[in-house]
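Please open the model in the viewer and keep the selection panel at hand.

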Amino acid sequence: MEDFIKRFDIFSDTVYEDIDPDLLSLEKEAVSNEVPIIRKSTQRFLRWLLMAKKPENILEIGTAVGFSSILMARFLPKAHIDTIENFEPRLIEARENFKRFKEGERITLFEGDASEVLSGFDKGYKYDFVFIDAAKGQYSDYFNKIKELIFDDAVIACDNILQEGSLLDSRFAVKRRDRTIHQRMRDFLHEVADEGEYVSTLLPIGDGLLLISKGDKNE
Ligand code: SAH
Ligand code: MG
């Protein structure tokens, strides 16, 4: 199965054009510095999703060095992106990259712990697309805070749900130090699945992408 997904990714790389050369260099720098940026299949899926949905106010949780926010800004020339990061060395790089890619106007970087920053956001300002990609044990907290910050037709995408595939392993097969995160991610999936107001689906794209939207639009 994993072999099938790897082969699928390699095949897709041959079908679809790669990102712009300047973004490709940012991607390579990030990968060589072991910054966990979104994978190519996730980039492709986000491109499709954003082009189809055309959101205008995007919220990203987990900026790292700014790769995914710059990528999203490129796909959507009219959108504004708010993005949150708390790790100082990455904040420095992200700031530089937003300048280098001339996206400083359209991307606003919020510095601090994502849960705290979200609590401080003005509930009058709503987002129509949210990309969650920060502390993997905090997704439930992010989700619950985001509920008050989105339009009814918003889409929420959460990265790294599969945790390199370990989410699929029995909790007994998971190393002790990874058990909390394993349990939290599973609890989060069930929480979202059981949330009557929302509909969600887990896709085996990249490191696992969970898509969430409000499900009561036609009632
Ligand atoms: N979205 C980026 C990658 C993000 S990697 C891209 O694809 O280009 C996850 C980031 O979340 C890391 O840089 C990490 O420092 C940040 N992060 C982890 N915990 C956080 C927290 N509690 N608050 C804010 N950022 C956090
Ligand atoms: Mg990620």
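Select Arg74 and Asp20: the two form a salt bridge, with their closest N and O atoms 3.0 Å apart. A salt bridge here is a side-chain nitrogen of Lys or Arg within 4 Å of a carboxyl oxygen of Asp or Glu. Because Arg74 belongs to helix 4 and Asp20 to the loop between helix 1 and helix 2, the pair ties together parts that are 54 residues apart in sequence. Helices (H or I, at least four residues) and strands (E, at least two) are DSSP runs, numbered from the N terminus.

The model is predicted; local features need pLDDT of at least 70, side-chain atom pairs count only at pLDDT 80 or more, and totals for chains, interfaces and linings use all residues. Residues are numbered from 1 along each chain as its sequence is written, chains are lettered from A and ligands numbered from 1 in the order in which they are written, and side-chain values use heavy atoms, with hydrogens and water left out.

Next, colour by accessibility: buried means under 20% relative accessible area, exposed over 50%, and partly exposed in between (1.4 Å probe, protein chains only). Arg74 is partly exposed at 28%, and Asp20 is partly exposed at 39%.

Now select the whole of helix 4, where 8 of the 9 residues are buried. Among them are Phe67, Ile70, Leu71 and Met72.

Move on to Lys40 and Glu27, a salt bridge whose closest N and O atoms are 2.7 Å apart. This pair links helix 3, which holds Lys40, with helix 2, which holds Glu27. Is Glu27 buried or exposed? Glu27 is buried, since its relative accessible area is 8%, whereas Lys40 is partly exposed at 24%.

Then select Lys214 and Asp152, whose closest N and O atoms lie 3.2 Å apart in a salt bridge. Lys214 is in strand 7 (residues 209-214) and Asp152 in strand 5 (residues 150-158), so the pair ties together parts that are 62 residues apart in sequence. Lys214 is buried, with a relative accessible area of 14%. By the same rule, the count comes to 16 salt bridges.

Finally, select Phe11, which lies in helix 1 (residues 2-15). Phe11 counts as exposed because its relative accessibility is 54%.
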